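Here is a colleague's note on the model below. Please read the points with the structure open.

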Amino acid sequence: MTLSRPTRLFMMLLLAIAVAGCSSTGGRKKGGGYYKDDGPDANPPSNLDQVPDAVPRIEPYASGANRPYVVFGQRYVPDTSGQPYKKRGTASWYGKKFHGNSTSIGESYDMYAMTAAHTTLPLPSYARVTSMVNGKTIIVRVNDRGPFHSDRIMDLSYVAAYKLGIIGPGSGQVIVEAIPQDEIRRLASQGAPATAIPEPASATGSSPVAAPIAAVPVALAADPLSGPAPGSAPVRQPAAGGIGSVYLQVGAFSQPANAQSLVSRINTQLGAEGAPPASVEQSNNLYRVKIGPYPDRQSALDAVPMVSDRIGILPSIASQ
């Protein structure tokens, strides 16, 4: 059945109003700056400092979420042209009230993933966010619309706000700079890890480097009726003497099932390429997906373009 244009517009308006509820809850604010009924989890993971930044990669834009829309009488026009975007404003955060809810592109909001909401940046896309208070810089994946307040420029996930140092006050002055797809492609073609994306000239510092923590290999779950999951790798054992201890990290998840799904996909897609297997390592409550080991750092760097091209994710260098 083909919907008439008025019907389609009406449905888009309803969708925009629903999206507005995700990042613009009304009511008074509670202590700490978050909105009524929202806030941190009762028992957040203890290793939030260890959650890595989002890894920029080329992703197709979601068609519906990148059309012009109207919320609260304000018209917004998402920009998918690839033009530079760099603005200063106030960032806030949203937490447990929306954890698990659908974002504007249909993904589940994870308050412990490095994501953010923005009114006009392409969905999905990536942005560098720098605190004007402490100089810390993070990279987030923009996968939602909002915040629909004239005095705010971006809504951060709980962990992104935590790493930027604005959980306590609830908001803070930041610079938001889009990471365009042509920059991601250029870095991938040069074999540069995601961490090589330069910081903006306005940054007055960078996020402190966390000390490495012990990683515990996690066996991938198997279906008792069908045996091991397709594409799954054997449990990784730490390399001895530092030889072959370099890996490519391609993701980090708060849910082990998501990490396992990515491992299966990678091993299926890269198995014929002769690449080292992907596996999952657990660090407290975080599940990291890594490919390796590679004999040395240069070998891992040489593999970046192929891995990025085959699985659509630009990996970063990581050590055991």
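Which residues form one aromatic cluster? Tyr69, Tyr76 and Phe148 do. Rings of Phe, Tyr and Trp (its six-membered ring) pair if their centres lie within 6.5 Å; planes under 30 degrees apart count as stacked, over 60 as edge-to-face and the rest as tilted.

1. Basis. This is a predicted model, with residues numbered from 1 along each chain as its sequence is written. Local features need pLDDT of at least 70, side-chain atom pairs count only at pLDDT 80 or more, totals for chains, interfaces and linings use all residues, and side-chain values use heavy atoms, with hydrogens and water left out.

2. Confidence. The average pLDDT (the predictor's confidence in each residue, from 0 to 100) is 73. A score of at least 70 is reached by 66% of the residues. Residues 17-36 have a pLDDT below 50, and this stretch has 48 contacts in the model beyond near neighbours in sequence. Residues 193-242 are also below 50, with 93 such contacts. Contact means heavy atoms within 4.5 Å.

3. Overall make-up. The protein has five helices and 13 strands. These are DSSP runs numbered from the N terminus: helices are H or I with at least four residues, strands E with at least two. Of its 320 residues, 48% count as buried. Buried means under 20% relative accessible area, exposed over 50%, partly exposed in between (1.4 Å probe, protein chains only). Among contacts between residues at least 6 apart in sequence, 77% join residues at least 24 apart.

4. Barrel. Six strands close into a barrel, in the order S3-S7-S4-S6-S5-S8 and with mixed pairing. Two strands pair if DSSP finds at least two bridges between them. S4 (residues 115-117) and S6 (residues 137-144) pair in the parallel sense over three bridges. Here Thr115 stands opposite Arg141 in S6.

5. Strand S5. What is the surrounding of this strand like? Seven of the seven residues of S5 (residues 125-131) are buried, so S5 is largely enclosed by the rest of the structure. In a regular strand the side chains alternate between the two faces of the sheet. Ser125, Ala127, Val129 and Ser131 point one way from S5, and Tyr126, Arg128 and Thr130 point the other way.

6. Neighbours of S5. S5 and S6 pair in the antiparallel sense over six bridges. Ser125 has Val142 in S6 as its bridge partner. The two strands form a hairpin with five residues between them, and Gly135 in the turn has a positive phi of about 80°. S5 also runs antiparallel to S8 (residues 171-179), joined by six bridges. There, Thr130 stands opposite Ile175.

7. Aromatic pairs. The count comes to six aromatic pairs. Tyr94 and Tyr109 are stacked: 4.5 Å centre to centre, 10° between the planes. Tyr94 lies in S3 (residues 86-94) and Tyr109 in the loop between S3 and S4, so the pair ties together parts that are 15 residues apart in sequence. Tyr94 and Tyr109 are buried.

8. The ring centres of Tyr112 and Tyr158 are 6.0 Å apart and the planes are at 90°, so the pair is edge-to-face. Tyr112 lies in the loop between S3 and S4 and Tyr158 in helix H2 (residues 158-164), so this pair ties together parts that are 46 residues apart in sequence. Both Tyr112 and Tyr158 are buried.
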